[in-house]
Amino acid sequence: MALKSLVVFSLLIVGIAMPLAQAQLLGGILGPLLGLLRIQGILYCTPNGNIGVNGTATTVFPNALVQLQCGGNVVSTATTNGSGLFSILLDPVNFLLSTLVSGCKVVVNTPLASCNANLPSVGGLVSNLQFIGNTLTGLLNIANLIPSGFQFNANLN
């Protein structure tokens, strides 16, 4: 009887462990193919593109062209929606997360005066990127990045 219990227990362990091992193997092989890199944020109509001090009401920057620049080259673009939100999706086969964080920037060349006439009509906003974590949706692994903080650059445009 003890032998039967041992055999049944062993089969249960193998039945659970094998699918987990296969899933880990497939995840390691197919991970880059079943993943995305997502850069998103909200752009505010302020001299630095960030939310106001102490959470004060801040208008957003709609219809602004947002560029992802790596090594000085534009590799992707997005336009902010009516809520100032932008999102750029990238294929991890073409981009490394470490390269995005260390060698790429989010650049907004749209003049700030287009959302507020009191702001500069030349120059733009620039921000480095910050990795904030992964989101797992089924087999899809999404690496999430955000602007680390926009700064005004009068030499853009």
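In what sense do strand β1 and β4 pair, and over how many bridges? Strand β1, residues 35-42, runs antiparallel to β4, and the pairing covers six bridges. Pairing here takes at least two bridges found by DSSP between two strands. Leucine 37, for instance, has leucine 90 in β4 as its bridge partner.

Before going further, a word on what you're looking at. This is a predicted model, so local features need pLDDT of at least 70 and side-chain atom pairs count only at pLDDT 80 or more, while totals for chains, interfaces and linings use all residues. Residues are numbered from 1 along each chain as its sequence is written, and side-chain values use heavy atoms, with hydrogens and water left out.

How confident is the predictor? On the pLDDT scale, which gives its confidence in each residue from 0 to 100, the protein chain averages 81, and 77% of the residues score at least 70. Residues 5-31 are a stretch to handle with care: pLDDT stays under 50 there, and the model has two contacts beyond four places in sequence for them. A contact means heavy atoms within 4.5 Å.

Now the overall layout. The protein chain has two helices and eight strands, and along the sequence they come in the order α-β-β-β-β-α-β-β-β-β. Both kinds of element are DSSP runs numbered from the N terminus: helices are H or I with at least four residues, strands are E with at least two. Of the contacts between residues at least 6 apart in sequence, 57% join residues at least 24 apart.

Buried residues make up 29% of the 157 in the chain, where buried means under 20% relative accessible area, exposed means over 50%, and partly exposed is in between (1.4 Å probe, protein chains only).

Over in strand β7, residues 140-147, you'll find asparagine 144. Asparagine 144 counts as buried because its relative accessibility is 10%. Leaving aside residues up to four places away in sequence, asparagine 144 touches Arg38, Gln130, Phe131, Ile132, Gly133, Asn134 and Thr135.

Finally, the disulfides. A disulfide is a covalent bond between the sulfur atoms of two cysteines; here it is called wherever a pair of cysteine sulfur atoms lies within 2.5 Å. That rule gives two disulfides. One joins cysteine 45 to cysteine 115, with 1.9 Å from S to S, and it is right-handed at 95 degrees about the S-S bond. This pair links distant parts of the chain, 70 residues apart: cysteine 45 is in the loop between β1 and β2 (65-70), and cysteine 115 in the loop between β5 (104-108) and β6 (124-137). Cysteine 45 is buried at 7% relative accessible area, whereas cysteine 115, at 24%, counts as partly exposed.

The other disulfide is formed by cysteine 70 and cysteine 104, their sulfur atoms 2.0 Å apart. Its 110 degrees about the S-S bond make it right-handed. Cysteine 70 lies in strand β2 and cysteine 104 in strand β5, so the pair ties together parts 34 residues apart in sequence. Cysteine 70 is buried at 15% relative accessibility, and cysteine 104 is buried at 2%. Counting bonded cysteines along the chain, the disulfide pattern reads 1-4, 2-3.

Methods:
pLDDT = per-residue confidence, 0-100.
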